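This note is intended for a colleague who is meeting the structure below for the first time. Please read the points alongside the sequence and the coordinates.

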Amino acid sequence: LKAGIGYPLNSMADFQMAAQNPSIGYALVKVNHLGDYARVRNHAGTKPNSTRLYNRIGGAAGRYLGRHILEGELYYENRLLHRYGATDPQDELMVGSRVNFGEAGMRVRIGDDFNDNRKVNFNLEGYGIYFHDNSQTLSLLDARQIDGGGAGKIGFRWGEHRIGIALGFEGAWGAAEMSECNNLNLHGGIGYTFSHRQMDAEVGVEYHYSSIRIAGVQEGFHYPIPHIRLKFNLGNGAFVPFVGFDGEVERNDFRSLMHENPYLITGLALPKNTTHYNLRFGTEGEFASRFSYRIFAELSWIENARYWYGINFPQAAEPTHNFLQFGIEQARRNTATLGLDLKWRPVADLLIQGSLQGYLHDFRASLYHQKLGGGLPALRSSLKIEYTHRKFSLVLSGEQTSTRYWSNLRYFTDTKGASRVEMLTYKVPITVDLNFYADYHLNSSLTLFAEGRNLLNQRLHDWANYPLTGVACTAGVKLNF
């Protein structure tokens with residue numbers, strides 16, 4: 001059990017109870033809670049309701065079947081937030097309005113973990129999820145979605161060679177007032193892997209087919225995605241060049257989008273999925289288990305990337321002035337990345353980690369003949385210093401993010417009664433997020449902990465118009481029975 005409370009008023013709790021028999025199986029129950037109750041001052045200078053809650057309960061169990069395992073999971077989770085990101089101080093119906101959604105799900109799996117040396121491994125799994133959105137809106141929309149799917153994989157190994165074959169299906173079916181929105185995906189792939197002391201190689205190809213229906217219009221899409229990975233150990237682990245090419249398909253159904261940005265327009269689903277193609281190369285290495293590094297470059301071509309923009313409530317009797325919800329435009333985005341990751345352990349109890357990434361983005365989305373901001377930084381860096389002692393541990397971490405730009409789209413009615421649209425830019429300047437964590441072990445069963453977040457009191461943002469809580473701290477206990 002881990003539980004804490006902090007200032008401005010926040011709370012957290014994690015509870016886990018587990019039992020295991022090596023010859024039979026295991027069972028566990030988990031309960032998770034996060035709460036942030038402080039009112040955040042928005043850019044309008046007001047403090048509407050900005051409570052954020054996350055609650056989850058779940059259980060899992062597994063039965064050992066010789067070399068295989070049969071396991072399943074059940075869970076329910078709920079999120080409660082509020083639309084507090086006002087930029088205009090005038091009173092509006094939707095400022096502080098509720099965003100509330102949850103889901104119940106189950107997963108079942110039988111097979112192996114593909115980490116042993118058996119000649120044949122396999123895995124079969126299936127899942128189902130019921131998603132419901134109870135958010136407060138100006139337009140009455142009962143938004144629900146049912147997800148389901150399954151996947152199978154088989155692998156063959158002989159010596160240093162492996163072959164894997166995989167097939168899968170995922171579906172998202174809209175329900176209630178979203179019954180005209182479906183997103184169905186079929187995929188299959190084959191891959192070959194070769195592992196040797198001085199070289200690792202992997203080559204394969206995947207094929208994805210998506211059938212998407214929006215507002216009664218259905219369209220199919222084909223995505224071939226090759227996979228290539230080469231790694232060469234040229235210096236006894238100190239110099240390991242690598243090169244690779246891969247990709248993925250991201251679904252843009254309503255549930256997936258709500259998990260990314262909960263301030264999404266209720267009921268929005270996109271007519272195309274997002275496809276990533278990535279080429280990366282660089283080198284990495286480790287010296288005497290004390291120092292490791294990774295230097296890399298990456299080129300990404302993203303088809304139908306998501307460009308999020310703030311939007312007011314044009315469906316109101318009088319269009320509002322605050323950008324409390326988000327819309328999405330899809331277009332290509334190209335990104336080049338240069339990165340450096342370092343890890344240094346000068347003594348056994350001290351670990352220092354740092355990273356630096358620079359980005360060059362090519363944003364190609366436009367709306368109403370105006371270019372949309374991508375909301376992504378050109379530079380991001382982080383530093384983490386961790387000291388671990390037998391009785392206590394200390395962690396100091398920080399992340400710097402360069403200036404970001406989003407777009408806000410304002411619908412309004414001019415003095416002649418005509419509908420107009422105005423594009424505004426929302427700028428988030430350079431921020432530094434500094435955090436601290438400490439714990440002290442009183443005995444084998446009881447540990448005290450404390451943490452501080454955003455210690456420099458920066459105006460941090462996950463999304464335009466929504467600044468996060470300033471300086472905050474939490475303290476509590478961890479109990480092991």
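The numbered points below go from the overall fold to single residues.

1. Basis of the note. The model is predicted, local features need pLDDT of at least 70, side-chain atom pairs count only at pLDDT 80 or more, and totals for chains, interfaces and linings use all residues. Residues are numbered from 1 along each chain as its sequence is written, and side-chain values use heavy atoms, with hydrogens and water left out.

2. Secondary structure and dimensions. The protein contains 28 strands and 1 helix; helices (H or I, at least four residues) and strands (E, at least two) are DSSP runs, numbered from the N terminus. The C-alpha trace spans about 80 × 55 × 45 Å along its principal axes.

3. Of the 481 residues, 42% count as buried; buried means under 20% relative accessible area, exposed over 50%, and partly exposed in between (1.4 Å probe, protein chains only). A contact means heavy atoms within 4.5 Å. Among contacts between residues at least 6 apart in sequence, 59% join residues at least 24 apart.

4. The surroundings of V471. This residue lies in the loop between β27 (466-467) and β28 (472-479). V471 counts as partly exposed because its relative accessibility is 39%. Not counting residues up to four places away in sequence, V471 touches Y7, P8, R453, N454, L455 and N457. G452 is 19 residues from V471 in sequence, and their C-alpha atoms are 7.4 Å apart.

5. A cis peptide bond. Which residues does the cis peptide bond join? They are Y7 and P8, with omega at about -15°. P8 is placed in the loop between β1 (2-7) and β2 (10-21). Most residues other than glycine have a negative phi, and most peptide bonds are trans.

6. Positive phi values. S289, which is not a glycine, has a positive phi of about 60°. S289 sits in the loop between β14 (274-287) and β15 (291-311), and its relative accessibility of 58% makes it exposed. N304, also not a glycine, has a positive phi of about 55°. N304 is in strand β15 and counts as buried, at 18% relative accessibility.
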